[in-house]
Amino acid sequence: MSVAHPDLSVEIAGLSLQNPIMSASGTFGYGTEYAEYLDLSKLGAIVTKAVTLEPREGNPPPRVRETPAGMLNAIGLQNPGAEVFIREKLPELRAFGVPVIANISGRSVDEFARLAEMLSIEGVDALEVNISCPNVEHEGMTFGVDCEMTGRLTEAVCAATDLPVIVKLSPNVTDITVIARAAEEAGADALSLINTLLGMSIDVERRRPHLGNVTGGLSGPAVRPVAVRMVYEVSRAVDLPLIGMGGVMCASDALELILAGATAVAVGTANFVEPATMEAIIRGLADYCRRHQVVAIAELVGAVAR
Amino acid sequence: MPRAHATLISRERVTEGHYLLTLDCAEVAQNARPGQFVHLRVGDGTDPLLRRPLSIMLSQPDRREVQILVRTVGRGTGIVATHDEGTRYDLLGPLGSGWSIPQGDEPVLLVAGGIGVAPLIFLADSTRMADPQPYVRAIFGGLTTESLVCWTEFAARCDEFIAVTEDGSTGETGLVTDVLAPELDRDPPVRVYACGPDGMLAAVARICAEAGVPCEVSMEQWMGCGVGACLGCAIPSSAGGYVRVCTEGPVFDATQIDWERLMSR
Ligand SMILES: Cc1cc2nc3c(=O)[nH]c(=O)nc-3n(C[C@H](O)[C@H](O)[C@H](O)COP(=O)(O)OP(=O)(O)OC[C@H]3O[C@@H](n4cnc5c(N)ncnc54)[C@H](O)[C@@H]3O)c2cc1C
Ligand SMILES: Cc1cc2nc3c(=O)[nH]c(=O)nc-3n(C[C@H](O)[C@H](O)[C@H](O)COP(=O)(O)O)c2cc1C
Ligand code: FES
């Protein structure tokens with residue numbers, strides 16, 4: 001490696017990635033949907049749409065709505081369930097030859113643990129635990145807004161699997177560093193952030209919410225400053241590697257998150273705008289390294305001046 | 001690869017708020033099937049952010065041209081309506097399922113409501129090259145004469161043509177569905193093809209089911225990716241759960257849709 005050929009590889013929770021760029025859960029299907037538009041073997045990793053124990057139908061439409069420089073979504077975790085995922089989706093995903101991170105979601109600690117156990121198989125390289133979902137055992141309160149629930153969930157998943165466990169944090173909290181520390185203490189190997197910000201928009205002509213689910217998650221460029229701030233704060237609060245995401249559209253957006261403290265970066269909404277975004281970002285990271293005489297991108301993690 | 005670059009050759013105002021775009025776009029012109037759409041990026045910036053789905057109204061492979069009919073309803077379509085000749089577009093497409101192509105000289109009936117005419121013009125056009133030629137009847141409805149956008153382009157490609165307006169300013173007075181039932185009765189076609197507002201499509205689907213005539217519908221839903229990845233464009237399926245407008249659709253057999261759940265909002 002040299003300045004002319006910068007080293008883009010990074011390590012996250014024992015996973016070696018050829019570069020720091022991966023898809024964000026729920027925005028890239030199971031990879032195959034985008035196979036015609038970009039070379040998936042070039043990616044750092046692929047993160048799947050949320051997998052649940054049983055199939056989920058998802059929310060009533062409309063499920064997406066554009067907002068200024070962003071979008072709201074309320075898909076409702078529609079997926080065919082763990083069995084179909086393992087049988088039909090996973091073999092296709094593995095064929096791309098990059099690490100596969102399965103995003104998992106559940107209604108109870110026990111459901112998460114069973115799912116983690118089921119997915120601890122050849123072909124799944126890590127689990128990303130979506131804690132931004134309601135816990136039916138606690139009146140539907142979101143796991144990820146409470147330290148104790150986050151801790152118990154993380155512990156249970158870690159006990160159920162030998163795979164690296166990445167806990168995906170919700171930004172809809174008063175102090176994200178407190179939740180991040182709870183996940184760290186409970187044994188998480190890495191953290192990813194941010195999930196979508198809870199939002200709502202209204203059709204004023206018809207005087208009703210745009211989304212069938214009333215509220216939805218905000219993503220896209222509009223949320224990027226929030227993501228950068230949260231990655232920055234969490235990187236100073238914990239000793240875990242971070243996967244940053246939120247509104248990344250280009251290499252310089254990805255670098256913002258890396259400089260703020262993210263070891264890897266996930267790209268979500270931008271895939272809808274330009275399917276080849278991730279390839280362009282990977283090229284852009286190499287260009288930046290050459291321009292700034294950086295031999296290895298890992299040098300840049302958390303390197304923002306204070 | 002279903003992605004292309006296009007150049008705006010001409011933009012013509014058809015009626016108030018409706019524009020006909022002619023694009024130079026060899027990739028789409030060569031590959032498009034009637035009923036498919038393109039997912040068009042309105043600008044390079046982040047507002048508007050997402051692409052906009054637009055039906056292909058006509059495709060002329062020999063001239064590398066594609067025509068798209070746009071109704072200005074919001075920010076994205078409003079911006080497109082101001083674009084000058086020479087504007088470059090980045091688009092994904094042709095995307096989605098298309099209409100089933102009428103076989104032989106069998107009679108078919110096309111039912112269009114307002115801007116829903118666009119994908120049906122492409123279907124009617126494709127039958128004109130066929131030999132033997134299917135016998136194409138059409139019903140085109142709208143609020144007023146102004147809503148019967150591109151009706152001459154549509155009528156020119158059909159063997160029989162009935163216009164219907166709610167205010168009676170052109171053709172018969174009423175809704176397309178008022179004309180549909182008697183038409184099915186008079187001379188049942190082998191298939192009905194329909195595109196328009198959800199309420200119209202639900203009624204068309206019901207009338208066709210009662211008459212025992214197969215029916216295909218082209219559906220709309222707000223989209224994210226356009227390629228099947230985000231599950232944003234889901235509509236209720238009669239098999240339970242949801243189907244994606246961008247990949248399983250936009251054209252569906254009318255029996256695939258759960259109309260009651262669709263219309264419950
Ligand atoms: C398969 C398909 C084919 C279509 N074909 C045509 C066509 O040929 N001509 C035409 O004028 N329109 C067509 N539409 C509708 C067109 O996509 C919308 O009118 C347009 O996206 C509105 O964008 P806007 O920015 O002007 O409106 P805004 O209301 O500002 O848009 C906000 C958001 O809502 C979405 N949206 C709003 N209305 C619709 C709608 N009816 N369908 C899908 N998304 C919507 C937009 O894409 C955008 O993400 C089609 C829609 C679909 C799904
Ligand atoms: C349509 C859509 C579906 C999503 N589905 C999931 C999901 O299933 N699980 C999850 O953890 N995050 C999900 N997310 C959140 C993204 O993974 C990501 O955290 C968020 O969108 C911020 O990144 P972005 O601004 O680059 O999109 C979804 C986001 C979108 C837009
Ligand atoms: S628009 Fe994304 S799945 Fe149809």
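**Helix 4 of chain A**

The model is predicted. I then went back into the helix, residues 176–185, and listed its buried residues: A:Ile176, A:Thr177, A:Ile179, A:Ala180, A:Ala182 and A:Ala183. I noted that residues three or four places apart in an α-helix point the same way, because there are 3.6 residues a turn. What do the buried residues of helix 4 pack against? I found helix 3 (147–160), strand 11 (165–168), strand 12 (190–193) and helix 5 (224–237), which belong to chain A.

**Backbone angles**

I kept in mind that most residues other than glycine have a negative phi, and that most peptide bonds are trans. I looked up two residues of chain A against that.

A:Leu77 has a positive phi near 55°. I placed A:Leu77 in the loop between strand 6 (70–73) and helix 1 (82–94) of chain A. Is A:Leu77 buried or exposed? Its relative accessibility is 17%, so I counted A:Leu77 as buried; the cut-off is under 20%.

A:Arg207 also has a positive phi, near 55°. I found A:Arg207 in the loop between strand 14 (202–203) and strand 15 (208–209) of chain A. A:Arg207 is exposed, with a relative accessible area of 76%.

Next I checked two cis peptide bonds. One runs from A:Leu193 to A:Ile194, with omega near 10°. A:Ile194 sits in the loop between strand 12 and strand 13 (197–199) of chain A. Another joins B:Asp47 and B:Pro48, with omega about 0°. I located B:Pro48 in the loop between strand 3 (37–41) and strand 4 of chain B.

**Ligand 1**

How many residues surround ligand 1? I read 22, and the closest are B:Pro53, B:Arg71, B:Gly76, B:Thr77 and B:Glu220. The surrounding residues come from chains A and B, so I wrote the site down as shared between chains.

Which element gives the largest share of the shell? Strand 4 of chain B does, with four residues. I also saw that domain 1 (3–95) and domain 2 (107–263) of chain B each give at least three residues to the shell. Sorted by class, the shell has eleven nonpolar, five polar and six charged residues.

I then noted distances from oxygen atoms of ligand 1. A side-chain N or O atom of B:Thr77 is 2.4 Å from one. A backbone N or O atom of B:Gly76 lies 2.6 Å from one. From chain A, a side-chain N or O atom of A:Arg65 is 3.3 Å from one. On its own, ligand 1 has 820 Å² of accessible area, and the protein covers 89% of that.

Note on methods: Residues numbered from 1 in each chain as written. Chains lettered and ligands numbered in written order. Predicted model: local features only at pLDDT ≥ 70, side-chain atom pairs only at ≥ 80, totals over all residues. Heavy atoms only, no water. Buried < 20%, exposed > 50% of the residue type's maximum accessible area, 1.4 Å probe, protein only. Contact = heavy atoms within 4.5 Å. Near = heavy atom within 4 Å. Polar contact = N/O pair within 3.5 Å; in protein donor to acceptor, adjacent residues only side chain to side chain. Areas by Shrake-Rupley, 256 points an atom, 1.4 Å probe, with all protein chains shown as cover. Nonpolar A, V, L, I, M, F, W, Y, C, P; charged D, E, K, R; others polar. Domains from an automatic or database assignment.
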